[in-house]
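Let's take a walk through this protein and see who holds hands with whom. Keep the 3D view open while you read.

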Amino acid sequence: MPDWIINQVNEVIVVDMAIDELYKRLEEKKIYTETQLKHALKNFFKRNNLLILRDLALNYMAERVDTQVISENLKAKIRERILVAASLEEKSLKLIDHAKEIAKFTHASIDVVCIINSKDEKAKHINELREATRKIKGNFFLIKDPKESIANELIHLIKLNRITLLIMGYTKKSKFRDLLWGTIAFKILNNTHNIDILIVGSKETLPSLPIQSTESKTSSEEKITNEDINLGKLKIYIGMAPGVGKTYKMLQEAKNSHKEGKDILLGIIEPHGREATAKLMEGLPLLSPKLIKHQGKYLQEFDLEGAILRKPETIYVDELAHSNVPGAINNKRYQDVQYLLRAGINVSTTVNIQHIESLNDIVEQFSGIKVRETVPDWIISHANDIVLVDISPEALQERVKEGKVYTVDKIETALTHFFQKKNLIALRELSLREVAENVEHEIYPKEKLTKVLSVIDINEDTLRLIRKSARISHRLQGEFIVLHIVKDTSKLLEERKLSIIELEELIVELGGDFRLIEGKKTVEEIINTHKRIKADYVILGESRKKGVKKLFYKSTIKEILNNISDANIWIVGDYTKDTGPI
């Protein structure tokens, strides 16, 4: 079919499905006859082929939605866009290689810019840069004799092309050149909004190359898989917002399994007054809720003990991010799900994309809404199956208007706040890309984990830096390590101690390893920690400090760059400032 046909279609949605579910349909001969089935399984329907096709479908739709984000000039920056600041030095080709490898994990677009004076022009090297850019399907920009400073030229491109990551080189230089480099890098940070800078060291370390395989993904953390016979399987239906049909889709699965005679149980379902959802529940075994007394009232909650005693083959538990009533066994429903899996019970559940912990700040950036209930990333990435329930923003808004999502008194508020079209477009792209990345981790598991070291202080940006670092690590299939340095642990105030404990809990939830180190010289401790763990990436946050403290921050960055040449320094930009025009 020609591309122009689908490009003219008003509405396209992805019909996503777990690979095992597709195999089940094949075995039941719902697609092919017995003779056709044998041929199909040996050829087109090989598992790796299906994973790649699923990935293509999700990413195709994500690109289509991203076009909508750009055409409507939305604030959201879901798709990664890399700008490589090349020069006439040989190392610039390595910077392009590094951008290419990061783009493999993030599906980022790549622009390469080379800013030169005509008198320094080297035709051969420029042609090499242009050819290297062409090979990775990037865009090459050559700016001769710039009218503005190098920093301002880069800032202009960053804002014009919605760049999210600038890749630069760095080598030890004379004091004059070092000052010039610092002026460029820090001016870019000061005059841009929500952009990261990746500084590739003199001994470049590329992200570990993925190896195509159909083997299970590996991780340094405990896995939620069925490798241990005693563990149940976890299936998650994920969507861009309430009302897309996650619970309905999950109940259809329950209905079919019940018809087949399988031992299933509805653990807790939230129909929210939706008639179609409630109708699907009819005739299915339902676990009675547990009544918990709280502030003089009895509230209904999921009966975890009752579910484990009943021990069905599969239990259906709605709203994974739900916070339990005080007095329940666990604080969060995802913790209940862990108990069920350890009891050998398969679990099907639902979650919206905005409830994933590391995406919390991204959602707040484009929607202005802070999501309070979250689930840790590791429970998503270690699920056996993740199924996207897709719908167009227009169709979802229509459901809201018809009262199929919220009661009449909440419709107007929903449509003018979270359910604005611009928010739904961004959430849709985010959900498509998140599921696609999980599929890719199954297709391309890594033999060697990339080590990511994030250095944190305790301030207003700490939580965001931790979440962003965790997301970078997850996308690189990396080992996530967080370092916090204190001068004297014995002199810590009680409030500071509690803050450190809370940070450690978040880091562990995000699948990280927290390291608290005592030392009077911050840079020295960072360098020593890097030497011990041999980090591939060192992540630092952009400082909001001004005056002398800002100068100290800049000198700290330069000292780290000068002493850590075998790692890449990733500076996470501040997204709170309004930079305005150059």
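Arg475 counts as buried, because its relative accessibility is 7%, and buried means under 20%. Keep in mind that this is a predicted model. So what does Arg475 form a salt bridge with? Its partner is Glu80, and the closest N and O atoms of the two are 2.9 Å apart. Glu80 sits in the loop between α4 and β1, while Arg475 belongs to helix α18 (residues 462–475), so this pair ties together parts that are 395 residues apart in sequence.

In general, side chains of opposite charge can pair when their charged atoms come close. Here the count of salt bridges comes to 33. Let's look at a few of them.

| Salt bridge | Closest N to O |
|---|---|
| Arg54 and Asp16 | 2.7 Å |
| Glu80 and Arg475 | 2.9 Å |

Start with Arg54 and Asp16, which meet in a salt bridge. The two link distant parts of the chain, 38 residues apart: Arg54 is in helix α4 (residues 47–71) and Asp16 is in the loop between α1 and α2. Are they buried or exposed? Arg54 counts as buried because its relative accessibility is 12%, and Asp16 counts as buried too, at 6%.

Glu394 has 37% relative accessibility, so it counts as partly exposed. Lys421, at 28%, counts as partly exposed as well. Some salt bridges share partners: Glu357, Asp361, Glu364, Lys370 and Arg467 are joined this way into one network.

Next up is the sheet. Five strands make an open sheet with parallel pairing, in the order β7-β10-β11-β6-β12. At the edges are β7 (264–268) and β12 (385–388), each pairing on one side only. From one strand to the next, the twist averages 20°. Helix α9 (residues 246–259) packs on this sheet and touches β6, β7, β10 and β11; its direction makes about 165° with that of β11. Zoom in on β10 and β11: these strands run parallel and are joined by four bridges, with Thr314 standing opposite Asn346 in β11.

Last stop, the surface. Which residues make a nonpolar surface patch of about 380 Å²? They are Met1, Trp4 and Ile5. Trp4 is part of helix α1 (residues 3–7), and Trp4 counts as exposed because its relative accessibility is 52%.

Key:
Residues are numbered from 1 along each chain as its sequence is written. This is a predicted model: local features need pLDDT of at least 70, side-chain atom pairs count only at pLDDT 80 or more; totals for chains, interfaces and linings use all residues. Side-chain values use heavy atoms; hydrogens and water are left out. Patches are made of residues with over 30% relative accessible area and no salt bridge: like charges are joined within 9 Å, nonpolar side chains (Val, Leu, Ile, Met, Phe, Trp, Tyr) within 5 Å. Accessible areas come from the Shrake-Rupley method with a 1.4 Å probe; for residues, only the protein chains shown count as cover. A salt bridge is a side-chain nitrogen of Lys or Arg within 4 Å of a carboxyl oxygen of Asp or Glu. Buried means under 20% relative accessible area, exposed over 50%, partly exposed in between (1.4 Å probe, protein chains only). Two strands pair if DSSP finds at least two bridges between them. Axes are lines fitted to C-alpha atoms, for helices over the stretch in contact, and angles run from 0 to 180 degrees between N-to-C directions. Contact means heavy atoms within 4.5 Å.
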